[in-house]
Amino acid sequence: MPRIIPVVLAAALAALVYAVASGVAVATPVNAKGLPDLRERVRVAAQGYDVTDIADYHRRANQYMGECMQSAGFQYVAHTPPTDPRLSLGLTEAQFTQRYGFGISTLIDHPASGQRTDPNLAVEALLDPARQRAYAKARGACEQRRDDAVGDPPGVMRGPAAEGAELTRVSDQANADPRIAAAKDEYARCMTGKGFTVRSGEDLSGPIHLQVEPYRQAFDTLVAEYTASGRDVAVLRVADVLDEGQLARLRHIQQAELQGAAADGACGRWLYPVAQVVHREYLDRYLAGKE
């Protein structure tokens, strides 16, 4: 079964979101706010997560939200957001790369194994303005209690800025290690031989995200329109919203993504195993309180 395991801390720290598994034991050390100690949460996160962890989280979260909203006098419809395709497709890393590259431009209209749009938005929209305000207040309160009781979803951990700064510092220390610099040099030489001037996979995927964003936004807008009118969004494809010129451009981006991902997969042997070892060393040192 595919499993996502956070290897490089830097890839998991954007906007204070970093991987964590749910269900921390009661015996875990806690801070003044009653949350598990940061080091312990990171230690749990390093174990990674799979589709069963995600399904278990949403089962518990939806149950809590349903009971909480009902007690406030409102309906709540169970909502399971789309699962990361790397997990839901059940492919190995090599298979995923071969078929979808990085999964950026190639999976815009991939049928999600979850609900693209929260059905509770439609529930709220049917209420009069005063009830909408009450609904929003009740939902916000229930979501806060849910987070305290159930925790964050696998792959997500929210916390104060100081926690993010602390882990960013550890990640920056690892990235400054001369072993990673040397590995990036080898990776860059390999990628140059394949026609790419980059020093990491992020150098490849970043521009693709920017190029694809207008197409993704157009598709998401159509999904929202279908949802609002009660139509089935599963039948939608990107060709339903893009014109021929845009589709031709998207196909060009997709082809470039597949080629870049294939090169990254081949040249990654020079960089990613080294990054994994180095970041793990710095993480273990941090967890042991020795950094």
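The accessible surface of the chain comes to about 15,800 Å², and 55% of this surface belongs to carbon and sulfur atoms; the areas follow from the Shrake-Rupley method with a 1.4 Å probe, and for residues only the protein chains shown count as cover. The model is predicted, so local features need pLDDT of at least 70 and side-chain atom pairs count only at pLDDT 80 or more, while totals for chains, interfaces and linings use all residues. Residues are numbered from 1 along each chain as its sequence is written, and side-chain values use heavy atoms, with hydrogens and water left out.

The chain contains 11 helices and 0 strands, where helices (H or I, at least four residues) and strands (E, at least two) are DSSP runs numbered from the N terminus. Of the 291 residues, 37% are buried, that is, under 20% relative accessible area with a 1.4 Å probe, protein chains only. Among contacts (heavy atoms within 4.5 Å) with a separation of 6 or more, 75% join residues 24 or more positions apart.

Helix α2 (residues 51-71) holds His-58. His-58 counts as buried because its relative accessibility is 13%. Leaving aside residues up to four places away in sequence, His-58 touches His-79, Thr-80 and Pro-81.

Helix α11 covers residues 272-287, and its 16 residues should span 22 Å at 1.5 Å a residue, the expected span being 1.5 Å times one less than the number of residues. Its end C-alpha atoms are 22 Å apart, which agrees. The buried residues of α11 are Ala-275, Val-278, His-279, Tyr-282, Leu-283, Tyr-286 and Leu-287. Just after α11, Gly-289 takes a positive phi of about 70 degrees.

Terms used
Buried < 20%, exposed > 50% of the residue type's maximum accessible area, 1.4 Å probe, protein only.
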